[in-house]
Amino acid sequence: MLKIPLLFGLAAGLAVFLYFLGMYALGISALFVNEKYPFDFGIHLILMVAAVWYYRRKVGNGLLHMWEGLTICYIVNTVGALLAGWLIYGFVTLIDPAEFTRYLGDLRHFQISDKANYVKTFGEEAYKAQLAKTAATTPDVLPLSMLGKKTLLGILPILIISLLFRKQDYSIMNP
């Protein structure tokens, strides 16, 4: 039960890291884009669907319980997010620390440009606290931040994938 989702999760993490490297090679602030527009979650979705489909076809012999689908999807999502987070962390600490500095600059610029909305919603003190929190951010928050975002983004899609691929044997109910 764990082997297949772990392999698909590793593939998801590597694919997200390659996506990050591709954006980096194009000169795009990959961390900021992924923070604001998490397109990399599409990679997770594709590999979750592939893992559930593969498991149902090869292991379940055409059958899949909903709990199996949920378990498979959460393992793929969690392993993929953690692996990608740690690989990106390694990249911004060992290879190019300027990428993380660029990310913080872009994030601070966005927060300053959106000050009116933030102050209107949360107040001036919360805005100042958010700016201070951004300035104090270090790269070690990346793995758990990525895990948290992917987990929140995955709640509804994982449920839908599990429901769509669920197929049980009802022949025992017809004697």
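Trainee: Where is Asn-61 placed?
Mentor: Asn-61 sits in the loop between α3 (41-59) and α4 (66-95), where helices are DSSP runs (H or I, at least four residues) numbered from the N terminus. This is a predicted model, in which local features need pLDDT of at least 70, side-chain atom pairs count only at pLDDT 80 or more, and totals for chains, interfaces and linings use all residues. Residues are numbered from 1 along each chain as its sequence is written, and side-chain values use heavy atoms, with hydrogens and water left out.

Trainee: Buried or exposed, that Asn-61?
Mentor: Asn-61 counts as exposed because its relative accessibility is 67%; buried means under 20% relative accessible area, exposed over 50%, and partly exposed in between, with a 1.4 Å probe and protein chains only.

Trainee: And what is its phi?
Mentor: The phi of Asn-61 is near 55°, which is positive although the residue is not a glycine. Most residues other than glycine have a negative phi.

Trainee: Switching to helices, at what angle do α6 and α7 pack?
Mentor: Helix α6 (residues 115-122) packs against helix α7 (residues 124-135) at about 125°, and their axes are 7 Å apart. Axes here are lines fitted to C-alpha atoms over the stretch in contact, with angles from 0 to 180 degrees between N-to-C directions. That angle makes α6 oblique to α7, since angles under 35 degrees count as roughly parallel, over 145 as roughly antiparallel, 65 to 115 as roughly perpendicular and the rest as oblique.

Trainee: Which residues meet there?
Mentor: From α6, Lys-115, Tyr-118, Val-119 and Phe-122 meet Glu-124, Ala-126, Tyr-127 and Gln-130 of α7, contact being heavy atoms within 4.5 Å.

Trainee: New topic: how much space lies in the largest pocket?
Mentor: The largest pocket holds about 490 Å³, a volume being the space filled by probe spheres set on grid points joined across faces, edges and corners. On a 1 Å grid over the protein atoms alone, a pocket is an open set with protein on both sides within 12 Å along at least five of seven lines, whereas a cavity is a set of points where a 1.4 Å probe fits but cannot get out; lining residues have an atom within 4 Å of a point. Of the 19 residues lining the pocket, the closest to its centre are Glu-35, Tyr-103, Leu-107, Gln-111 and Gln-130.

Trainee: And the largest cavity, which element gives the most to its lining?
Mentor: The largest cavity has about 140 Å³ of space, and α8 gives the most to its lining, with 5 residues. Glu-35 and Tyr-103 are among the residues that line this cavity.

Terms used. Helix = DSSP H or I, 4+ residues; strand = E, 2+ residues; numbered from the N terminus.
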